[in-house]
Number of protein chains: 2
Amino acid sequence: MPQVGSGSPGRRIPEATVERLPVYQRIVVELLRAGMATVSSEQLAGLAGVNAAMVRKDLSLLGSFGTRGTGYDAAYLASQIDRALGVDREWPVAVVGAGNLGRALVNSEGFSSRGFRVVALYDIDPGVIGDPVGPVVVRPLDDLEDLADLDDLADIGDVSGEPVPAIGVITTPSSAAQEVADRLVGVGVRSILNFAPRVLVVPPHVLLRYVDLSIELQVMSFYLSQAERHGPGSIVERELPVLHSVGLTPTAEGVGDQVLGAP
Amino acid sequence: MPQVGSGSPGRRIPEATVERLPVYQRIVVELLRAGMATVSSEQLAGLAGVNAAMVRKDLSLLGSFGTRGTGYDAAYLASQIDRALGVDREWPVAVVGAGNLGRALVNSEGFSSRGFRVVALYDIDPGVIGDPVGPVVVRPLDDLEDLADLDDLADIGDVSGEPVPAIGVITTPSSAAQEVADRLVGVGVRSILNFAPRVLVVPPHVLLRYVDLSIELQVMSFYLSQAERHGPGSIVERELPVLHSVGLTPTAEGVGDQVLGAP
DNA sequence: CCTTGTGAATCTATTCACAGCG
DNA sequence: CGCTGTGAATAGATTCACAAGG
């Protein structure tokens, strides 16, 4: 049973907290931009849509750096959250699939501002190879195996002696997703974020997470239907959920077998 | 305290279950395509990365339509999940922002195949107005107020007497997000899905959900750092989380005040 | 014999409430 | 005083384990 807290205090950080940290971070940055030097748990809670006690509990897991009677120093808080999340450094990211979604991600402020540096973008379509997209140029998928030799990779302060980007992002059509995943694993990528609507199989040492952009919409659909069933006007008000998922992650065991296999 | 179950049985469906339903749905559809007529909770659980008992509990909330000794009829299961989610009909959706993300969503199979029909796509950039994107053409943002008069809207079997799309999706730069939200609310849109990295304020009767594509990556960063801290090789294996969030939803109260306001 | 459906047990997350510190 | 940090209390979600059905 591994799993220990993140930074100074040896506390274990629960998954639920990990998922709220980016939310707090974003709010703190907005508040900083608005000129505030300190934030109270009350403020953060209001903006994040959660209970103030939860904010305090979450933040206390990163260490005790609030000031009683005042709140948290916004700038310091932001840096501590980043440290806990491990985004106080640059993570090189390779994106496969230069369609609209891939391009959107490569260009997204969220990626670049949070320490995710896209070092390569691949596509199989000769028509887009060579296109400049944000900081990179679309490479032919066949070059994927050269991921380790990337120039750009050297620019990053050699992150942690990584020979290849730690993170691969798949934004291909679902038909190509498994092959791409296999090849990413083959070159040594340690974690994969899959946007293709397809269940993938990877070795157990590879961290695999899924994002399905339509799940949020489906959850919305549920609550809209709900509201209708209770008659117009009875919109579910603040009975509504606050944090929500968009993904699924299968365990390693026999996933492919089940999809493809006879008994 | 409203909130009742979704379909036949009067049971209340917990948020956690609602978020897993789209996951099951997707898997069932994949299995159907692979030619399977029935699914067991065990199979479903393996592919979704959750416990089989949880699958059964989740599905039992939609009614008891499994067959003991056999499993669930895949096609029927899919239809029941859709009904529970309220996607057994078409939801008209308006997307604002025809950048890469907006285009990706409009074209996404996930949207169209799950009953979300994009009836309008708006942008402010004259350079892209008129571009065909999937089933629609980019309209000038100034036409947003005409949302109610849309031809396409009439095509849909008048969903539920809705005068305007029930769902608005914001994929603009964050600087424009609040104004767009205000205008969507102004024309009567009842729920908004915001991809812009900005906290928004809407009246309490409007359902607002957020998606931040970088949150998943940040959660990954956390677990990668974790793994490193425990030394290479000690990758956190199946201690890893399975379902995860990408959003935040603030409560209505004084959100704007807090961001902008003096005490 | 296999798999569902579900009460009871467990585990996890959230909220309360207050002592303690700046 | 006001606000953090946190034990204790509560609520909620997950897993166990098994009775019952096809």
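In this predicted model, a backbone N or O atom of B:Gly69 sits 3.4 Å from a base nitrogen of DNA strand D.

DNA strand D is surrounded by 25 residues, and the closest are A:Ser41, A:Arg56, A:Gly69, A:Tyr72 and B:Arg68. Of the atoms of DNA strand D that come within 4 Å of the protein, sugar and phosphate make up 59%. At least two residues of the surface near DNA strand D come from each of these elements: helix 3, strand 2 (66-67) and strand 3 (71-73) of chain A, along with helix 1 (15-33) and helix 3 of chain B. Helix 3 of chain B gives the most, with four residues. By class, the surface near DNA strand D holds six nonpolar, 11 polar and eight charged residues.

Now for the other strand. Around DNA strand C there are 25 residues, and the closest are A:Arg20, B:Ser41, B:Arg56, B:Gly69 and B:Tyr72. Sugar or phosphate supplies 60% of the atoms of DNA strand C within 4 Å of the protein, and bases supply the rest. Which helix gives the most to the surface near DNA strand C? That is helix 3 of chain A, with four residues. The surface near DNA strand C divides into six nonpolar, 11 polar and eight charged residues.

| Residue and atom | Atom of DNA strand C | Distance |
|---|---|---|
| B:Arg56, polar side-chain atom | base nitrogen | 2.8 Å |
| B:Phe65, backbone N or O atom | phosphate oxygen | 3.3 Å |
| B:Tyr72, side-chain N or O atom | phosphate oxygen | 2.8 Å |

Finally, a helix of chain B deserves a visit. Helix 9 of chain B covers residues 213-229, and at 1.5 Å a residue its 17 residues should span 24 Å; the end C-alpha atoms are 25 Å apart, which agrees. Is helix 9 of chain B largely enclosed or largely open, and why? Of its 17 residues, 15 are buried, so helix 9 is largely enclosed by the rest of the structure; buried here means under 20% relative accessible area, computed on protein chains only. At the start of this helix, a side-chain oxygen of B:Asp212 reaches to within 2.8 Å of the backbone nitrogen of B:Ser214.

Notes. Residues numbered from 1 in each chain as written. Chains lettered and ligands numbered in written order. Predicted model: local features only at pLDDT ≥ 70, side-chain atom pairs only at ≥ 80, totals over all residues. Heavy atoms only, no water. Expected span 1.5 Å × (residues − 1). Buried < 20%, exposed > 50% of the residue type's maximum accessible area, 1.4 Å probe, protein only. Polar contact = N/O pair within 3.5 Å; in protein donor to acceptor, adjacent residues only side chain to side chain. Near = heavy atom within 4 Å. Nonpolar A, V, L, I, M, F, W, Y, C, P; charged D, E, K, R; others polar.
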